[in-house]
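Biologist: Hi! I'm new to this one, could you walk me through it?
Modeller: Happy to, here it is.

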Amino acid sequence: MNILIVEDEANQRKLLKNILTKEGYRVEEAGSGEEGVELFFRKNFDLVLLDRRLPDKTGIEVLRDIKKINPIIPIIIITAFANVDNAVEAMKQGAFHYLTKPIDPDELTLIIKKAFDNLNLKRENIELRESLKEKFQYDKIIYNSGVMEDMMSLIFRASKSDANALVTGESGTGKELIAGAIHNLSNRNEKLFVTAHIASLAETLVESELFGHEKGAFTGADKRRIGKFEFASGGTIFLDEIGELPKSIQVKLLRVIEEKKIIRIGSNEEISIDLRLICATNRDIEKEVEKENFREDLYYRLNVIRIHIPPLRNRKEDIPLLVSHFIKNQAKKEGKKIEGITDGAIKQLLKYDFPGNVRELENIIKRAIVFSRSNYLSGEDIPVSVNKKIKYSGKLKDTVESMEREMITKALNKHDWNQSKAAKELGLSERTIRYKIGKYKIKNQ
């Protein structure tokens, strides 16, 4: 790993270089901000140690210049003067950490290790996005949050293995999309990705769908049918809602995993198959095992690689990015010119917990685009607030106040917090609505 030290004091540069070279790092030095930026531009570095006070530029100015060249480079600011405001400003501008002199060698090496771990994660995510985008035109996985970056890093590593994977998450989080990404990044990507939605199949049809059957195997079997396991051989099979799999079929799936063979219904012939198995469920699969609804031995076979997709309420920073993506795609389909969404409407969406997750958000935006009369989606187009249930108490006064607060909040969001327009819609004076905003502590979040 290559580290650049930007420090005007020669003795300090020498001290830092000695610490870092003993740890096995390759180190180069610059005595001024301008020299540091020029050196960074010409050569490849993995981390920068940057003094906050330099003779020609401030450390913050150098940080900004370096980040323009490489936005993901970790930069550790070093200063002789501990100041909370300066530290906060440096972190806001993208510094990875802020250290005060004299430097503790152990603390420095520990922070550098953490910085490299963070850098590797970012590089892995960039590689993943580029692979999905360029090789497979896979632009449906939209994220910017740390929890999703961690999950996508796991997906990247899982794709390099052929081990069984279990994808968990609530309905609407995109489990099939994630399974498809694993397949598309794997060595099996030129073969089929076959899906089977267990919950949509009648119990009597599950075995036939997965294993296939011979002609005459049962009433209505008027010809041979190739099952999905056999059809997917060479590629990947995705079993959605695996928690719904009947116990009788769970035993047979276990045999498929162990022996890599299937037998069609009505046949005695074993057929060898070669496939990657990815399963998904929105159930608490461990509880299903405890209740003996799901075989424990099968659970362990499926749960080799576990990928959990966080619900949208736990990654709300992704909502603006997702909304922009949905507007772009859906507006084109509807033949409408929608340029974006108002801040008020975004704030309204950010207040909502989305029990239906990304799928629900997508449907809300689709509906908004269909009925919008403007080039921008506004609070009036977003029906989120109507889905919020008013909590009724036993007292009339409390119930009335709850309803009043809900109506005022809805009107304010609808008009992007223009109090005059909200008051007019509700038949109130501006003075009254201001009073009630204060009374109910309604905030523009």
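Modeller: Let's begin with helix α10 (residues 247–259), which gives the most to the lining of the largest cavity, with 3 residues. Helices here are DSSP runs of H or I with at least four residues, and strands are runs of E with at least two, numbered from the N terminus. This is a predicted model: local features need pLDDT of at least 70, side-chain atom pairs count only at pLDDT 80 or more, and totals for chains, interfaces and linings use all residues. Residues are numbered from 1 along each chain as its sequence is written, and side-chain values use heavy atoms, leaving out hydrogens and water.

Biologist: Which residues line the largest cavity?
Modeller: Asn164, Phe229, Leu253, Val256, Ile257, Lys260, Ile273, Leu275 and Leu277. Lining residues have an atom within 4 Å of a point of the cavity, a set of points on a 1 Å grid over the protein atoms alone where a 1.4 Å probe fits but cannot get out.

Biologist: New topic: how do α2 and α3 pack?
Modeller: Helix α2 (residues 33–42) and helix α3 (residues 59–69) pack at an angle of about 10°, with their axes 10 Å apart. Axes are lines fitted to C-alpha atoms over the stretch in contact, and angles run from 0 to 180 degrees between N-to-C directions. The two helices are therefore roughly parallel, a term for angles under 35 degrees.

Biologist: And where is Glu23?
Modeller: Glu23 is in the loop between α1 (10–22) and β2 (26–30). Thr109 is 86 residues from Glu23 in sequence, and 7.9 Å in space, C-alpha to C-alpha.

How values were computed:
On a 1 Å grid over the protein atoms alone, a cavity is a set of points where a 1.4 Å probe fits but cannot get out, and a pocket is an open set with protein on both sides within 12 Å along at least five of seven lines; lining residues have an atom within 4 Å of a point. Angles under 35 degrees count as roughly parallel, over 145 as roughly antiparallel, 65 to 115 as roughly perpendicular and the rest as oblique.
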